[in-house]
Amino acid sequence: MEPLYVTETAYTLEEYHKFNKAVIGNKLHIISLVLLFCGVLNYLASRNVYWIPFFVIMIAIIEIVFPLSQKSAVKKLYYSDKHLQKNFMNQICFYQNYFESKTYSSYIKFEYADIVSIKETKTNFYLMKTTNQGFIIVKANCSPELIAFLTNLKNQKG
């Protein structure tokens with residue numbers, strides 16, 4: 001059976017950084033907003049200004065230090081996987097009810113119904129098989145028809 005659409009993605013360190021940012025990014029901002037809200041409530045309740053530096057430092061750690069440490073962890077993880085050092089290309093073939101992911105060392109058939117979510121950024125789609133694992137699709141490597149197909153699939157997933 002012929003696929004409806006085919007695309008390829010080179011799994012580079014840059015793509016892994018983008019993936020990590022797409023998966024974790026908003027969660028950090030939500031934590032920062034909760035801390036800011038708690039800081040404001042604390043100040044309004046006690047009028048104690050001594051807690052303000054604590055909340056400012058915590059928000060700075062969440063917004064600056066944590067992303068830097070994540071970037072370092074992603075880099076370490078990427079370079080620890082010897083498969084990725086061999087110009088790791090992933091070919092993804094899309095069919096009516098499933099897609100196939102093929103590399104030089106693996107093959108996965110994945111039903112659309114089993115996708116947990118689809119994340120979209122300006123440059124990529126991420127077909128998430130769990131909350132922290134997914135398939136990277138670079139929009140620049142996709143036909144307009146495939147982008148429309150993935151957008152429709154994303155809208156169906158909600």
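The backbone oxygen of T121 lies 2.8 Å from a polar atom of the K139 side chain. This is a predicted model, and every value here is computed from it. K139 sits in the loop between β7 and α3. With a relative accessible area of 15%, K139 is buried, because the cut-off for that class is under 20%. Its contacts beyond four places in sequence are E120, T121, K122, T123, N124, F125 and I147.

Which residues of α3 are buried? They are L146, F149, L150 and L153. These residues cover an arc of only 95° around the axis, and therefore lie on the same side of α3.

What does the buried side pack against? The buried residues of α3 pack against β1, β2, β5 (117-120), β6 (124-128) and β7 (134-138). Just after α3 comes G158, with a positive phi of about 80°.

Now turn to the sheet that includes β1 and β2. Four strands form an open sheet, in the order β1-β2-β3-β4, with antiparallel pairing. Its edge strands are β1 (5-10) and β4, each of which pairs on one side only. From one strand to the next, the twist averages 20°. In general, strands of a sheet pair through backbone hydrogen bonds, either parallel or antiparallel.

Look at the β3-β4 pair. Strand β3 covers residues 98-102. It runs antiparallel to β4, and 5 bridges join the two.

E100 belongs to β3. Is E100 buried or exposed? At 10% relative accessibility, E100 counts as buried, because the value is under 20%. A polar contact of 3.2 Å joins its side chain to that of Y95. Setting aside residues up to four places away in sequence, E100 touches Q91, I92, C93, Y107, I108 and K109, as well as Y95.

I108 lies across from this region, in strand β4 (residues 107-111). I108 has 28% relative accessibility and so counts as partly exposed. Beyond four places in sequence, I108 touches F99, E100, S101, K129 and F135. I92 is 16 residues from I108 along the chain, and their C-alpha atoms are separated by 9.5 Å. E100 touches both I92 and I108.

Methods:
Residues numbered from 1 in each chain as written. Predicted model: local features only at pLDDT ≥ 70, side-chain atom pairs only at ≥ 80, totals over all residues. Heavy atoms only, no water. Buried < 20%, exposed > 50% of the residue type's maximum accessible area, 1.4 Å probe, protein only. Contact = heavy atoms within 4.5 Å. Pairing = 2+ DSSP bridges. Axes fitted to C-alpha atoms, helices over the stretch in contact; angles between N-to-C directions. Arc of directions from axis to C-beta. Polar contact = N/O pair within 3.5 Å; in protein donor to acceptor, adjacent residues only side chain to side chain.
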